Amino acid sequence: MSLVLPVLAQEVPNLKDLKVPDRTWTLLEQGTSAKAEQRSPARQGGKHPYAYSWCVFQQEASGDLMAVVVDRYAGIARELGTESHLQSIGDRFVAGYPMMMPERGRFLKPEFGWSVLSLKLPAPEKLVVRKADGTRKEQETLEYIQLYEIPTERPAKPGDPRWLMGVGYSYMQGELAVYVQHTSKKVISQEEVRAFTQWLLSHGEL
């Protein structure tokens, strides 16, 4: 399944059949909001229906995570790189897991309590992708790097890292926002998450 984001209807797509990045990854869990929730960014001051979908893949050998979140505030077209968007980047994942996961604590234990240590935001860039019909397209995206740390004096158990590194891309289409993040216990580059993001863009009607 490709990531199809309807431009006119602005519906949040269900990601349950989203293709894995490659054969080294397996689907860990996925979900979507059963119905729109009444909430909005603080700067709006009112209530707007909010809906989301998410999925998370895991690489068995490394334990790395690759997660995708798509969400929508009805009636609010967020802009790339604005204050509310940057806040969303820092909020959408908890140690690499989508914050929407209702039982994410069972995955995080004994690492529950990860917090964002730092967030690095290079300038927005345009990813060039080749679509299935052979045409080329540019999509403005924001690449970011997050570091998470355990707010305790020692790791949860011997050998556990004190930090995790997340590298991701976010892009917008109307009221839809897409976040794709690769999270690892080791230092990683943007290559895998960039390739997966380009795949999403090349197969989606964005």
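Alanine 95 is buried in this predicted model, at 2% relative accessibility, where buried denotes under 20% relative accessible area, exposed over 50% and partly exposed in between (1.4 Å probe, protein chains only). The residue occupies the loop between strand 5 (93–94) and strand 6 (97–98); strands (E, at least two residues) and helices (H or I, at least four residues) are DSSP runs, numbered from the N terminus. Although alanine 95 is not a glycine, its phi is positive, at about 55 degrees.

Residues are numbered from 1 along each chain as its sequence is written. As the model is predicted, local features need pLDDT of at least 70 and side-chain atom pairs count only at pLDDT 80 or more, whereas totals for chains, interfaces and linings use all residues, and side-chain values use heavy atoms, with hydrogens and water left out.

Strand 11 (residues 176–184) is largely enclosed by the rest of the structure, because nine of its nine residues are buried. Both of its faces are covered: Leu176, Val178, Val180, His182 and Ser184 are buried on one side, and Ala177, Tyr179, Gln181 and Thr183 on the other. Strand 11 is joined by eight bridges to strand 4 (residues 65–73), and the two run antiparallel; strands are taken to pair if DSSP finds at least two bridges between them. Within this pairing, methionine 66 has histidine 182 of strand 11 as its bridge partner. An antiparallel arrangement also holds for strand 10 (residues 163–173) and strand 11, which are joined by nine bridges. Here methionine 172 is the bridge partner of alanine 177 in strand 11. Two residues lie between the strands in the hairpin of strand 10 and strand 11, where glycine 174 takes a positive phi near 60 degrees.

Glutamine 146 belongs to strand 9 (residues 136–149) and is buried, with a relative accessible area of 0%.

Apart from its neighbours within four places in sequence, alanine 51 is in contact with Val12, Ser33, Val70, Asp71 and Arg72. Alanine 51 and glutamate 11 are separated by 40 residues in sequence and by 8.7 Å in space, C-alpha to C-alpha.

Methods:
Contact means heavy atoms within 4.5 Å.
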